[in-house]
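Please keep the sequence and the three-dimensional view at hand while reading.

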Amino acid sequence: MSDTSTLAITPETEQPVQLKYSRTIADLPGPKPSPFFGNLLQLDRKRIHVTVENWIRQFGPIFRFKILNHNVVVVSDYAVVSSLLRERPAGFRRHQAGVTIMKELKIDGVFGAEGEAWRRQRKLVMRGMNAEVVRNFFPTMVSMTERLMLRWKTALEAGKPVNVHRDLKAMSLDVIVALAMGFDLNAMDTDGNQLQRDIDGLFMRLGQRMNAIFPHWRHVRLPRDRDADASAGRIEFAVTDFIQKTRERIKNNPHLRQKPGNMLEAMIVASEEDGNDFTDQELIGNAITAVLGGEDTTANSIAWLINNLVQNPAAAAKLAAEADAVLGEHRFIQDWEMLSELTYLDASHNESQRLKSVAPVFGLVSNEDCVVADTFFPKNTVVFASAVGASFDENHFPQSSQFLPERWIFDEKPDEGNDPNRKLFPFGGGTRLCPGRFLALTEIRMVIAMLMRNFELEPDPKALPVKEVMNFFMVPSGVPVRLKLRA
Ligand code: HEM
């Protein structure tokens, strides 16, 4: 291979630049494709990330595979992944397959937007989810954590079993609907609410369509597709109503302009400011997107952490000791300051995200010809960027298969090259870094601290081993844990 150069246009300056590289995609290693399907049949469709991770181990930090006759390039070197994430939205866009399916179900917000539309919506969403709004929303999270604790205590005292996975999802749904729509759904204690059924139904359809081999719903609409449309319509109607009520509340309580108590209030205040012309459709689309972005991710990040803790009793004991020390007489967090004192909890969460990230791969597409890791990528190259490539590399994380929260605790801040936080991307990176991470981390700390302060975890001896399931996010097949009241 000799050094080659190609003329390309940089999207920001629109100036031609000389691209230098020593290889093209055809030169990359990768699994052997078969004539028509390429490597499609080798992909475990419900667990594509597992196949990709096995290939990373086999073929290294950059390789290619084929879906039919389309190339997909996988990159897992963290420095390369970080640079691709930073080059959005100009250099790379999100892969549109999932975004189109989301839009068909009226989940149309910042996650799927690109270019100028993304910039506008990102500004709107950041107003709705910033640290100040989460701080103002904290009292609601306190009462929802208490609700979860009481539900579990009441069940155990009555000798009834607790379905931890179901309750975690209900908790996250309640939190995110209250934040994004200003409404207490109380999915925790009710199963029958129409809005909850619609949200559950819509997200289930999204997961199924993401895994479908053929997009039949674009040609033949089955009853379940009509149900999904009806759910999407009812959710939109409900959010429109919440927006109207929130506008009135702000009018009657002008102090909310300075101190919005949830995301919807903050977005409405932003939309009424001079120079901002956010439409109601953007408010609705982003309230629904936040619910999608915030429910399964947070609930299942907690679920994976609990699964890891039940397999690692020594770490669970340390966490319980930390929760006792920080919470003192309290049974759950009621004081904002306590959130920053949970060092071992944060370390355990980082370690759990390393081993079981709910978003292990980013699907990206190049907007122009470019060079990545000395390889020429033509415009529209599909790239799978691994969020966790370094996590199973012994050079970066010795004893990489072990759950060791201690590797995230330091006496002194590590330098850049040794900082594990820079090697993994559980919340993405660059300008599109997850805007909900502060809310998510607050919820994770509150739920886990409450759990460890009040309950003991025991493995369910009859349960099947937990599997990784990819249905838009990478979720555990269950949380086979029995809770016991702590003395
Ligand atoms: C533990 C919980 C969570 C995890 C692991 C997570 C992870 C992610 C990841 C990996 C991305 C893609 C970032 C990128 O492309 O660089 C993302 C984007 C996003 N997340 Fe989260 N997230 C979580 C919680 C939340 C919550 C609670 C919300 C809403 C309050 C939320 C809203 C969003 C939105 C709107 C985007 C799109 C941002 C954009 O495209 O500019 N997420 N999240």
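The side chain of Asn367 comes within 2.6 Å of the backbone oxygen of Ala90. The model discussed here is a predicted one. The backbone oxygen of Pro89 is also reached by the side chain of Asn367, at 3.0 Å. Asn367 itself is located in the loop between β7 (361–366) and β8. With a relative accessible area of 15%, Asn367 is buried, because the limit for that class is under 20%. When neighbours within four places in sequence are left aside, the contacts of Asn367 are Pro89, Ala90, Gly91, Phe92, Arg93 and Lys379.

Pro89 belongs to the loop that runs between α2 (78–86) and β6 (92–94). The peptide bond joining Arg88 and Pro89 is cis, with omega at about 0 degrees. Most peptide bonds are trans, and most residues other than glycine have a negative phi.

## Residues with positive phi

Leu68, a residue other than glycine, has a positive phi near 50 degrees. Leu68 sits in the loop between β4 (62–67) and β5 (70–75). Its relative accessibility is 34%, so Leu68 counts as partly exposed.

Asn380 has a phi near 70 degrees, again a positive value in a residue other than glycine. This residue is placed in the loop between β9 (375–377) and β10 (382–386). The relative accessible area of Asn380 is 44%, and the residue is therefore partly exposed.

## The nonpolar cores

Which residues have the most contacts inside the largest nonpolar core? They are Trp152, Ile306, Ile448 and Met452, in a core of 111 residues. Helix α10 (residues 280–311) supplies the largest share of this core, namely 15 residues. A second core of 32 residues is separate, and it includes Phe63, Val73, Leu364 and Ala387.

Not counting residues up to four places away in sequence, Ile448 touches Ile302, Leu305, Ile306, Leu319 and Leu345.

## Helix α3 and its buried side

In helix α3 (residues 96–104), the buried residues are Gly98, Val99, Ile101 and Met102. These residues lie on the same side of α3, because they cover an arc of only 160 degrees around the axis. Among the elements that cover the buried residues of α3 are β6, α7 (194–210) and α10.

The pairing of β3 with β9 is parallel and extends over 2 bridges. Within this sheet region, Thr24 is found opposite Phe376 in β9.

## A buried phenylalanine in a loop

Is Phe397 buried or exposed? At 2% relative accessibility, Phe397 counts as buried. Phe397 lies in the loop between β10 and α13 (437–454). Beyond its neighbours within four places in sequence, Phe397 is in contact with Arg354, Ala390, Ser391, Arg407, Trp408, Pro420, Lys423 and Leu424. For Phe397 and Lys423, the separation is 26 residues in sequence and 9.9 Å in space, taken from C-alpha to C-alpha.

## Aromatic pairs

The distance of the centres and the angle of the planes describe a pair of aromatic rings. The model has 13 aromatic pairs. In the pair of Trp55 and Phe63, the ring centres are 6.4 Å apart and the planes stand at 85 degrees, so the arrangement is edge-to-face. Trp55 and Phe63 are both buried. A single aromatic cluster is formed by Trp55, Phe59, Phe63, Phe65 and Phe384.

Phe472 and Phe473 make another edge-to-face pair, with 4.9 Å from centre to centre and 85 degrees between the planes. Both of these residues, Phe472 and Phe473, are buried.

Terms used: Residues numbered from 1 in each chain as written. Predicted model: local features only at pLDDT ≥ 70, side-chain atom pairs only at ≥ 80, totals over all residues. Heavy atoms only, no water. Helix = DSSP H or I, 4+ residues; strand = E, 2+ residues; numbered from the N terminus. Buried < 20%, exposed > 50% of the residue type's maximum accessible area, 1.4 Å probe, protein only. Contact = heavy atoms within 4.5 Å. Core = buried A, V, L, I, M, F, W, Y, C linked by side-chain atoms within 4.5 Å. Arc of directions from axis to C-beta. Pairing = 2+ DSSP bridges. Polar contact = N/O pair within 3.5 Å; in protein donor to acceptor, adjacent residues only side chain to side chain. Phe/Tyr/Trp six-rings, centres within 6.5 Å; stacked < 30°, edge-to-face > 60°.
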